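Subject: Structure handover

Hi,

Here is the structure I promised to pass on. My notes on its pockets, helix packing and backbone follow below.

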Amino acid sequence: MSYQKIIDYLGKDADYLLKHTSKTISKELLHVPSPNYLDEVFAPSNRSIPVLRSLATLYGHGRLANTGFLSILPIDQGIEHTAGASFAKNPIYFDPENIIRLAMEGGCNAVATTIGNLAIVARKYAHKIPFVVKLNHNELLTYPTKYEQIMFGTVEDAWKLGAVAVGATIYFGSEGSNRQIIEVAQAFEKAHELGMATILWCYTRNNAFKKDGVNYETAADITGQANHLGVTIQADVIKQKIPDVNGGFTAIDFSKSSPLMYTQLASDHPIDLCRYQVANCYMGRIGLINSGGESKGESDLQEAVRTAVINKRAGGMGLILGRKAFQRPFNEGVALLNAVQDVYLAKEIDLA
């Protein structure tokens, strides 16, 4: 996809996003994705040689290979949102093999999905595309619905499948968050011992975070702090929703904040809000990949390109995009993944 096509997809927001200069957190302070990212950030760290090799495998695959950027296909919605609701639009994805095929033909760095999905096709595909085993999930058969991430497999199970990384979710702010933090921290330590990388779905979840019709679960200040907790338990990559609001701490009146967070460290521009998330990932030492969000139909491609531009110009590392790709015909899903990757390959799009 050409740079002009990216501009066309951005439409009236093209100048707003592509010509923005951030005056909050300087880009010179960031550790940004590059072909030398692993050497500059992880080689001096405590990560072992096997972990570095796993990270190199992850960053060295697909259309974004050796750029420092990531494009990951995540499909765990069969549990997180029920299989029927998730795959009704495209029933081929009841078969896990098609999930792997979409990631491969879509040129992704890796596929991230449930341990069951990967286990049933592991011998056929583990050597063809990097596996990320998603260890825990929020099952939806408990009534009333609760936000409770529970382990569906072990780190050892992931290692036996040949996975290069494990993924897990923590619902920061939820009733079970303390248990989840402890469980995931222990799982990540074990994964590093076995030579695998770690990816944290770093979400916030609490009905009290919704006030006066605004959902602050995606506020820059709250998600930024969730990111900071995530890198503290040694996640190698942070997955976070793109921020669309700020001021959650002050609106809900909890935790601690500084006025400078909202005046000097962020503005209301979406790139600046995302940069605040990046800053909380050790100034980009740990890569931030934003999620693609739900599928809304015809606008999915434009929204995905917009999110990719925001993430890249903020200093992020890529997108982990699922529903927008798999809830449409297979070839269209491949094209959407490629379009997002083209944003990261476009040399004309740089840091704000």
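This is a predicted model: local features need pLDDT of at least 70, side-chain atom pairs count only at pLDDT 80 or more; totals for chains, interfaces and linings use all residues.

**Largest pocket**

The largest pocket holds about 980 Å³ of space. Its lining counts 41 residues. Nearest its centre lie Lys-241, Ser-291, Gly-293, Glu-294 and Arg-323. Which of them gives the most? That is α16, with four residues. By class, the lining of the largest pocket splits into 15 charged, 13 polar and 13 nonpolar residues.

**Second largest pocket**

The second largest pocket has about 170 Å³ of space. Its lining includes Ser-34, Pro-35, Tyr-37, Leu-38, Asp-39 and Ala-43. Leu-52, Ala-56, Tyr-59, Gly-60, Asn-66 and Gly-68 line this pocket too. The elements that give two or more residues here are α3 (37-42) and α4 (49-59). Seven of the lining residues are nonpolar, four are polar and one is charged.

**Packing around α16**

Back to α16, which contributes to the largest pocket.

Start with α15. The axes of α15 and α16 come within 8 Å and cross at roughly 55°. Angles of 65 to 115 degrees count as roughly perpendicular and those under 35 as roughly parallel, so α15 is oblique to α16. The crossing is right-handed. On the α15 side, the contact uses Pro-270, Ile-271, Cys-274, Arg-275 and Val-278. On the α16 side are Arg-306, Ile-310, Asn-311, Arg-313 and Ala-314. This contact has six nonpolar, one polar and three charged residues.

Next is α18 (residues 330-345). Its axis and that of α16 come within 9 Å, crossing at roughly 25°. The two helices are therefore roughly parallel to each other. Here, too, α16 passes α18 in a right-handed crossing. From α16, the contact takes Asp-300, Leu-301, Ala-304, Val-305, Ala-308, Val-309, Asn-311 and Lys-312. From α18 come Leu-336, Ala-339, Val-340, Val-343, Tyr-344 and Leu-345. By class, there are eleven nonpolar residues, one polar and two charged.

How does α1 pack on α16, and at what angle? The angle is about 110°, with the axes 9 Å apart. That makes α1 roughly perpendicular to α16. Ile-6, Tyr-9 and Leu-10 of α1 meet Leu-301, Gln-302, Val-305, Arg-306 and Val-309 of α16. Six of these residues are nonpolar, one is polar and one is charged.

**Backbone points**

Two spots to look at as you go through the chain. The peptide bond from Tyr-143 to Pro-144 is cis, with omega near -5°. Pro-144 is in the loop between β4 (136-137) and β5 (150-151).

The other spot is Asn-66. This residue has a positive phi of about 60°, although it is not a glycine. Asn-66 sits in the loop between α4 and β1 (70-75). Asn-66 also belongs to the lining of the second largest pocket, to which α4 gives two or more residues.

Best wishes

Terms used. Residues are numbered from 1 along each chain as its sequence is written. Side-chain values use heavy atoms; hydrogens and water are left out. On a 1 Å grid over the protein atoms alone, a cavity is a set of points where a 1.4 Å probe fits but cannot get out, and a pocket is an open set with protein on both sides within 12 Å along at least five of seven lines; lining residues have an atom within 4 Å of a point. Grid points are joined across faces, edges and corners, and a volume is the space filled by probe spheres set on the points. Ala, Val, Leu, Ile, Met, Phe, Trp, Tyr, Cys and Pro count as nonpolar, Asp, Glu, Lys and Arg as charged, and the others, Gly among them, as polar. Axes are lines fitted to C-alpha atoms, for helices over the stretch in contact, and angles run from 0 to 180 degrees between N-to-C directions. Angles under 35 degrees count as roughly parallel, over 145 as roughly antiparallel, 65 to 115 as roughly perpendicular and the rest as oblique. A crossing is left-handed if the near helix is turned anticlockwise from the far one by less than a right angle, and right-handed if clockwise. Contact means heavy atoms within 4.5 Å.
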